[in-house]
Amino acid sequence: MAPSSSSEQVNVGLESATTIINNASNVITDASHPFYIHTSDSPGMRRAIVITLSAKNKLGFIDGSHPEPDMNSKHLKAWNRCNDMVIFWLLNSLSKEITESVIYSKSARDIWNELEDRFGQCNGAQLYQLQKELSDLVQGNSDIVGYYTKVKKIWDELDTLNTCVNCSCKCSCGGKENIVKFLQDGRLIQFLMGLNDAYAPSQK
């Protein structure tokens, strides 16, 4: 997902929209309630959205644990307000092209499911692209910290894609530790190979 190109305007819009919503009727003022809306709520990218929604007690609007109440429920209006706010957050974290394809979704969960179906799959094309970026990445004009940050970002994305094949069982033979050590050694060598000659380890 691409971040909004005007984050300051988005934050101002969030504060204005939240003020209007919280001044409306039937507002829930208990901050621990999942239907409560705070003026500081402004999540961004995919992972940041999940973390922020969890911290704000709004994760249920995308994972299905806070479904739409019955038509006669006293919480329906509050749910609709919060659902609209989460939709607002999601749309403002997407590129214009993606936003246009999901803007008419009824609920935040519908948008999230659409995005998960479209972008959440672990596939060869994504792995190929990331591996290619990694193999082409060198320090160049970056300092070591900047170069490491770029490499670490790709490593983290690869780890995210590879969670579907990672073994989670308990191992007593040491095989898992050896695999992790092999991966770490490979990444260290990869990092060193991309360093400028001035920083490359000397050969003796």
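Modeller: Buried means under 20% relative accessible area, exposed over 50%, and partly exposed in between, with a 1.4 Å probe and protein chains only. The model is predicted, local features need pLDDT of at least 70, side-chain atom pairs count only at pLDDT 80 or more, and totals for chains, interfaces and linings use all residues. Residues are numbered from 1 along each chain as its sequence is written, and side-chain values use heavy atoms, with hydrogens and water left out.

Colleague: Why is Y148 called partly exposed?

Modeller: Y148 has a relative accessible area of 40%, which lies between the limits of 20% and 50%, so the residue is partly exposed.

Colleague: What makes Y147 and F191 a stacked pair?

Modeller: Rings of Phe, Tyr and Trp (its six-membered ring) pair if their centres lie within 6.5 Å; planes under 30 degrees apart count as stacked, over 60 as edge-to-face and the rest as tilted. The ring centres of Y147 and F191 are 4.8 Å apart and the planes are at 20°, so this pair is stacked. The pair links helix 8 (residues 144-161), which holds Y147, to helix 9 (residues 175-193), which holds F191, across 44 residues.

Colleague: How do you know whether Y147 is buried or exposed?

Modeller: The relative accessible area of Y147 is 1%, which is under 20%, so Y147 is buried.

Colleague: What kind of aromatic pair do Y148 and F191 form?

Modeller: Y148 and F191 form an edge-to-face pair, with 5.7 Å from centre to centre and 80° between the planes. Y147, Y148, W155 and F191 form one aromatic cluster.

How values were computed
Helices (H or I, at least four residues) and strands (E, at least two) are DSSP runs, numbered from the N terminus.
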